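User: I am new to this structure and would like to go through it step by step. Could you take my questions in turn?

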Amino acid sequence: MQDHSDKKANEKAGYGTTGHEWDGIQELNTPLPRWWLWTWYASIIWAFCYWIAYPAIPMVSSFTKGVLGWSSREAVIADVQGLQTLRGPMTAKIEAASLADIEKTPELLSFARAQGAAAFAVNCSPCHGAGAQGSKGYPNLNDDDWLWGGSLDTIHTTLQHGIRWDADKDTRSSMMPAFGKDGTLKANEISATADYVRSLSGLPTDKGADLALGQSVFAANCAACHGDNGEGNQDVGAPKLNDKVWLYGSDKALIMERITLGGGGVMPAWSTRLDVPTIKSLAVYVHTLGGGQ
Amino acid sequence: MSLASAFDPHLDEPEPPLYAARKQIYPQAVKGSYRRIKWILLTITLGIYYFLPFVRWDRGPSAPSQAVLIDLPHRRAYFFFIEIWPQEVYYLTGLLILAALVLFLMNAMAGRIWCGYLCPQTVWTDLFMAVERLIEGDRRERMHRDAQPINLETFSLKLLKHSIWLLLSWWMGGVWVLYFADAPTLVKDLATFRAEPIAYVSILVLTFTTYTFAGLMREQVCLYMCPWPRIQAALTDEHALNVTYRYDRGEPHMSLKKATQARSIGEPAGDCIDCQQCVAVCPTGVDIRQGPNLGCIQCGLCIDACDDVMTKIDRPVRLIAYDTDVNIKRRQSGLGEVFKPIRARTLLYAIMIVGIGGVMIYALANRAPFTLNVIHDRNPIFVKLSDGHIRNGYTVRIANMLSDSQTFTLKVDGLHESHIEIIGGEGEIGGLPAVSVGADQTRELRVLVRAGEEDDREGEPAHLTFTLQDVHDGRTAVASDFFRTPHSVH
C-alpha cells in the first residue's frame, strides 16, 4: 500500500512524510494510487473532447458550435414534438368530443384542465391574472358573474372570436356611450345616476342624492341594455348592476367615470392563434374554475 | 542555496512521490473455519440475489405477482406483503436508517463483519479470486508466471480467466435488471432481443463495473473508494471484537529455531515465528501484526492461516483471533479477560433499532387503505360571488391503495353555512358529493366550498375539516385546511 521508503519517516507514525514541515508539524505522505492520477488525466482529455464536440467557447457575436452540431434550441423543439406525439391520441379525442362530453368524461376532463391551465398561463394570465382572478376592467373568471355568458358554449364562442376585436367579423360587440364626454348627460345627472346604480345592489348612497332623477335618467338611457332593475344583458355584454361583483369598482367616483367615458374592454379572438383542441381545453378550464353555468 | 530554502531546509531535497503504483496482491488459498463461513455466506447471499426475482407472490389481478419488484413506470415498490407508493418514500428512509444502525451495531459487537463476509464487493471479489486460483494456480504459481515474459500458455490462461470473469459480471448485471420488471418475461425478452434498450444498457454498465471492481480493482475499492472503513475507525472502541494479532502472546517474534533456544534458557520468546502466512492469505495485502488497519476488512482468513501454522509447530491456536484491545492489556497485566457485549453504545443502537423498526412495523400495519390530500388555491385565495357568498377552491388528491375501485363521499366541516361541490365528481350520495377512484389509482379533483356572508368575519380564517368516507364500509380519511374570506387574516 503506502510507500514507506521515503527519506524522512515520522518516528511516531512510522510513516513517510512529504518533507514539508511547519513549526514542527510534519505532513505525512500518503500517496494516492497511480490509477487515480490516470482517471484525472482521462477527465482532462474528456473535457477537451467535450469542448470540441459541443458548443463551448463564447466568441464576439456567437460561439463555437461543436462538431456534433448539437443545439439546446433544437433539443427543445424535438422535446416539444415528442410531447405532441405523446399527447396526440388525447388531443384527437378532445377535438372529436363535444364540450359537454369532455366535462363528463373524467379522463378527458383532467387532460383538458391540465392543457387549459397551461394555455391560460401563457395566453390569458397577462390580463386575467395567474389564477383568473381578474383586476379592474378585466373580469374575474372564477365568479358566477358573466358579461357574455358563462355556459360552455358562450365561453367557447368568446374565446374563438374575442370581444370588440375588429379583425374578427363574428366578434362580440357592443359599446357603452360616453354619456359625459359626449355631453349627453349633465354632471348632476351623472352623479344622480351613479347614486341610483349603487342603490340597486343595496349600497349606501350620498346624503341628499336625487334618486328620483337618477332613476329617470337610468330608465331613459341605461335600462335598454342594463335592464330596468340593472339585471344586465349577456346578449350585449351589459354587466349586471344589481349584484355584488363590480368590474371597475363600486365607488361612486368609479361609477361616474364609467358613465362619463363609456366604452368597454377588448379581448383578442383566439381562433387565429390557438388550435381547436387548445381553445376547447381553455373553455373547459375556465368553465370548471367554479363559476361555469 | 536559494532564499526560500534558507527558511525551509527541505525545499532543495527531491520531492517524494505523491502517487504510488498498485502492488499486485496474490492471496494464497487457505482452509479453516472462517474460510468455511465465508463460502457458506457467499452461497447464501449470491443464492438470494440470483433467485429472489423469480419468487412469486400473489397480489390479485391488478398488481404484479413478483415478490420483490421495483416498478418504476408505475411508481410502485413491492416487497412480499408490502407495497410502497412514491409518497411513502419515508419507508425507504427508515430502511436505510435501520441498515446504518445495524451496521453500527455489528461494528460495535464484532468489527467489520459486513466488510469481511457480506459486502457485495467482498463476495464477488472472493468468487473472482476462486476462479483465478482455479485457472492460474495458487499464489506462488501466479507470482512466478507473472514474473516471466508472457507466453502462449500464460496468455490463454489469462484469456480464459478474464472471459469467465466477464461472464460472471454479465450474469450479475443481468440479474440486477430482473428486480425492475417481471423476471420471467424479461428473461424471455432479453434472450429474444425485445427488451427495452435501458435493460441492455444497465446490464452493460453493471457488467463493466463488476468486472472492474471485483476483477481488477479489488482492495483498491475498499481502500480508496469506500467511506465505511473511515467511518468504522471512528465508531469502534476497545471492547469491540476485532481481528487482532495478540502481540502479548506473539512478541518478541523470532524464528522457530531461535524461539526453541530462547525458551530452553528461560528467555522470553513469542509464538509468532514470522512465517508471513497471515500476509500471504490476506485479500487486501495488509500485515495484521501492525495493529488495527484501514486496509483490513476483517475476513478472518489470517486466523485460519495462523491456526494452521500454530497447529503444525504445536503451539496453541488463535494467536490471531477476534479479540479486544482491553483484553490484550488485561492479559499483559495479569488480569482475566472480560467481555462486555452490553455497553452504552450497543444498548443505544439496539434501542434505536427496536424503536425505529417498531415504528415502521406499526406504520405498515396501520397503513391507510386510501389517503386524502387537500391544497388550497393560491390564487385567487377567495372568490366573491354575485350574491355576496364567498367561495374557496381546493385541489383534492385521493389515492386509493386498495385492489378494487372505491366510491367515496366528501364532507366539509367548520363553517356556519357551507356547500361543497366536486368538479367532475360522480353525482351525490346522501346529500354529499361522491367520487369514485379506480383500483390502485390516484385521482386529482377540483373542489369548491361556498360559505355565506356570516362566515366572512375578522380574525383568523376558519379551520376546515375535509372528511372522505368510503361508501362501502364507512372508513374515513381526514385532511384539514382553511377557508379564507375578504375580512379574515391572510
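User: Among the contacts in chain B with a separation of 6 or more, what share comes from residues 24 or more positions apart?

Analyst: The model is a predicted one, and the values here are computed from it. Two residues are in contact if their C-beta atoms, placed from the backbone, lie within 7 Å. Counting the contacts in chain B with a separation of 6 or more, the part that joins residues 24 or more positions apart is 68%.

User: Why is chain B described as more spread out than a compact globule, and which radius of gyration does that rest on?

Analyst: Chain B holds 17 helices and 16 strands. For its 490 residues the globule rule gives 23 Å, and chain B lies well over that value, so it is more spread out than a compact globule, with a radius of gyration of 33 Å.

User: What does the C-alpha trace of chain B span along its principal axes?

Analyst: Of the 490 residues of chain B, 27% count as buried. Taken along the principal axes, the C-alpha trace of this chain spans about 110 × 60 × 60 Å.

User: Which strands are the edge strands of the open sheet of three strands in chain B?

Analyst: The order in this open sheet of chain B is β2-β3-β4, with antiparallel pairing. An edge strand here pairs on one side only, and that holds for β2 (68–71) and β4 (82–84) of chain B. From one strand to the next the twist averages 10°, and the edge strands are thus named as β2 and β4 of chain B.

User: What is the bridge partner of Asn242(B) in β6(B)?

Analyst: In strand β5 of chain B, residues 242–245, Asn242(B) and Thr244(B) point one way while Val243(B) and Tyr245(B) point the other way, and all are buried. This strand β5(B) runs antiparallel to β6 of chain B, residues 320–323, and four bridges join them. The partner of Asn242(B) in β6(B) is Asp323(B).

User: Which element gives the most residues to the side of chain A that touches chain B?

Analyst: On the two sides, 36 residues of chain A are in contact with 31 residues of chain B. The elements that give two or more residues to the side of chain A are β2 (15–22), β4 (32–33), α1 (34–53) and α4 (106–128) of chain A. The one that gives the most, with five residues, is β2(A).

How values were computed. Residues numbered from 1 in each chain as written. Chains lettered and ligands numbered in written order. Predicted model: local features only at pLDDT ≥ 70, side-chain atom pairs only at ≥ 80, totals over all residues. Pairing = 2+ DSSP bridges. Axes fitted to C-alpha atoms, helices over the stretch in contact; angles between N-to-C directions. Buried ≥ 20, exposed ≤ 12 C-beta atoms within 10 Å, placed from the backbone. Rg over C-alpha atoms; globule rule 2.2 N^0.38 Å.
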